[in-house]
Amino acid sequence: MKIAVILPAAGLGTRFNATTSVTEVAGISAGSKVEADLAGKPVFIRAIELFSNRPEVGQIILAVNPDRVDEFAFRHGDKLSFLGVTIVAGGKKERWETVQKAISAVADDCTHVAIHDAARPLTSDALIRRVFEAAQNYDAVIPGQPVSSTLKRTVAAQPKRDAIDDILGDTGKTITSLKQVTQTVDRSDLVEVQTPQVFEINLLRRAYANLTDGKGITDDAGLVEAMGEPVYVVEGESTNLKITLPEDMKLAQAIISLSTQTTQATARRKLFGDDDE
């Protein structure tokens with residue numbers, strides 16, 4: 001098994017930038033959330049390094065916004081070259097467009113493709129091994145976490161109004177989105193899907209060849225499912241978070257800080273035989 005890893009990084013980070021700028025969060029002038037500084041490294045570099053020394057990985061492809069290919073190469077080219085990363089132009093709107101373009105850059109000798117979010121920098125070695133090992137026997141493998149929260153289906157609802165509202169309107173009132181519950185969803189078999197998602201190369205190419213408009217497709221496994229092909233799930237991890245909002249960046253920084261402290265404490269015990277602290 002020889003794997004080409006594709007990291008889509010062409011998104012605009014609309015939700016991330018809606019409440020704050022990358023500069024406010026990371027103190028840099030980066031143009032997207034994946035370039036934000038996370039404990040001394042850009043987010044996407046941390047995601048790439050998860051795969052850079054794995055023996056199964058034969059190629060790493062970073063797909064960026066087509067308008068920013070030269071900028072990415074200028075800003076990060078030396079580091080990407082050192083890591084053996086190929087930069088290609090992705091799409092401008094949808095994630096699937098970016099992956100579709102990146103597939104054309106996959107080397108002929110690769111047997112599988114792993115697609116991993118460039119904004120998911122904390123994936124553990126154990127999780128990656130689980131997915132890769134399962135991919136030796138199954139053509140489509142994804143990680144997933146059981147859903148723990150109660151889920152409810154809703155529809156838009158109109159807020160109740162009284163006579164004063166009719167006279168004064170909404171002046172001075174806090175307007176919130178209001179929805180009505182229509183159903184409590186059974187969560188027993190539901191999982192929250194993560195990445196990396198690994199596919200046998202010909203299966204993935206066939207899935208994209210059958211793609212029509214891409215409406216409703218939010219991950220690559222959805223394209224395989226649409227063909228009626230089976231997709232298998234291995235255990236994900238709660239720390240395998242995707243940075244979508246500024247709060248996610250703060251949580252990722254805390255996870256790295258805690259991990260570093262734990263590693264340092266372990267090293268101290270091994271070096272000094274200090275088992276009391």
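A contact here means heavy atoms within 4.5 Å. The structure is a predicted model, in which local features need pLDDT of at least 70 and side-chain atom pairs count only at pLDDT 80 or more, while totals for chains, interfaces and linings use all residues. Residues are numbered from 1 along each chain as its sequence is written, and side-chain values use heavy atoms, with hydrogens and water left out.

Of its 277 residues, 40% count as buried (under 20% relative accessible area, 1.4 Å probe, protein chains only).

Next, select Arg 120, in the loop between strand S6 (112-115) and helix H6 (125-135). Arg 120 is buried, with a relative accessible area of 7%. Leaving aside residues up to four places away in sequence, Arg 120 touches Ala 47, Leu 50, Val 193, Gln 194, Thr 195, Asn 240, Leu 241 and Lys 242.

Then select Phe 44 and Leu 62, the residues with the most contacts inside the largest nonpolar core, a set of 31 residues (buried Ala, Val, Leu, Ile, Met, Phe, Trp, Tyr and Cys joined through side-chain atoms within 4.5 Å). Strand S1 (3-9), helix H3 (43-49), strand S4 (57-64), helix H4 (69-82) and H6 each supply at least two residues of this core. Its largest share, 6 residues, comes from H6.

Finally, select Cys 110, Val 113, Leu 223 and Val 224, which are among the 25 residues of a second, separate core.

Key
Helices (H or I, at least four residues) and strands (E, at least two) are DSSP runs, numbered from the N terminus. Buried means under 20% relative accessible area, exposed over 50%, partly exposed in between (1.4 Å probe, protein chains only).
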